[in-house]
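My entries follow the structure below.

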Amino acid sequence: MQHPVSTPIGVTAPDYADRIGFAQLTRRAFEGVDLHPLRDQLVTRIAAGTALAGEGLDLSLITQLLGDKAQGLAIQSEVLTFHQLFRTPCTGPKPGLRVLALAADIDMGGNTPIEFLLEGSDIELLTLYVVKGVGLPEKLPDHDVAIVVASDSEECREALALIEKAAPHWPRPLLNRPDLIGNLDRDKLYRLLKGVSGLDIPATVHATRAQLSNLSAGRIACEDIAGELHFPMIARPRGSHAGVGLGKLDDASALAAYLAEREEQDFFVARFVDYASPDGLYRKYRLAMVDGKPYACHMAIADRWDIWYLNAYMAFSEEKRAEEAIFMLDFDHAFAARHRSALDEMCRRVGLDYFIVDCAENQDRELLVFEADNTAVVHNMDSPVVFPYKPPQMRKIFAAFAAMLSRHAKANEGRAT
């Protein structure tokens, strides 16, 4: 039953379903384990009517990891119609902290992958899916601290709205409040960060296919879409992620060719920033902002501007890895110190307890921000043989995240006594 949001919310003993979970299954896929036998086993149990709810959710994730996103989401939605609370147990016999994650019914990349952040800890994770037509229960599962893990995507809007209505009456500390997550939208973030000294963030604006068609035909100018827009520009379909449909358009003819290959009706466009270093290579950084402090997640180096860590092929270059190792080792008194005022002000304006920033340095050595979100993957899956400098850095981030959760839980205990 949905909770009446005008009254305080009580808590009760949790009625959860255990599952293998996101971190373990993703790690198996990352390491090349064949997930088909486990999938077939779970399908057999479901067909026999003996599967538990947690196994159904695991099957959904396995199906997505095997490349069938639509079927995986269909399985997930069916499971969530009758059960919404799932547990990922801690490593110890007794949890030192109980965290409630508030998630949306979306694909595996649409919620904060919090399980990675809690791997190896004494923290027990309960994930409550806030589902359309069901909403929040009248009494929440008992917990020490809660965190919203749903993203700023359109598919999560209803879940975020339900949590936001209940937030003033939440019985425990609630982190990453839903009203702040919405500020991470591509077309909102630049307005939020506009004017921060030492920070460069291109205006990302919505443009319709009709507008871009008119621009490619010379019927309108770039400034008619946005004041600072000009060629070269970058474009991507609205709502796309992981570089799907991302393109650099040098002129009107390139824009026309781009539109001819796409079917979408709505796009985001922004001016292109050439952030190549003096050696001609591009360097892109991922930072985790935890409790107001930046931590290095990775550094990708490539000869192309559209970098993701995978297409930078860091595992195949000892020279690149050596530079990434130095970036992590010197981060606090080099990169973070160089951009401290911009990072501090960004944290203050964003206001979230935890979020991720993908960034670079422009040719004036300002902090160039590409995007910020609360769902990018921060993990410790890379080979410690190839990347020996990564596990200590990841453990540092995980420890900071756990410390943030504990700090809020303890502060709440102090107020209650």
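**Helix pair α9 and α10**

I looked up the crossing first: α9 passes α10 in a left-handed crossing, that is, the near helix is turned anticlockwise from the far one by less than a right angle. I note that the contact (heavy atoms within 4.5 Å) is made by Arg209, Leu212, Ser213, Leu215 and Ser216 of α9 together with Ala252, Leu255, Ala256 and Leu259 of α10. By class, I find 6 nonpolar, 2 polar and 1 charged among the contact residues; Ala, Val, Leu, Ile, Met, Phe, Trp, Tyr, Cys and Pro count as nonpolar, Asp, Glu, Lys and Arg as charged, and the others, Gly among them, as polar.

I record that this is a predicted model, in which local features need pLDDT of at least 70 and side-chain atom pairs count only at pLDDT 80 or more, while totals for chains, interfaces and linings use all residues. Residues are numbered from 1 along each chain as its sequence is written, and side-chain values use heavy atoms, with hydrogens and water left out.

**Burial in α10**

I find Leu255, Tyr258 and Leu259 of α10 buried (under 20% relative accessible area; exposed is over 50%, partly exposed in between, with a 1.4 Å probe and protein chains only). Seen down the axis of α10, these buried residues fall within an arc of 95°, so they line one face of the helix; the arc is that of the directions from the helix axis to the C-beta atoms. On the face turned away from the buried side, I list the exposed residues Ser253, Ala260 and Glu261.

Note on methods
Helices (H or I, at least four residues) and strands (E, at least two) are DSSP runs, numbered from the N terminus.
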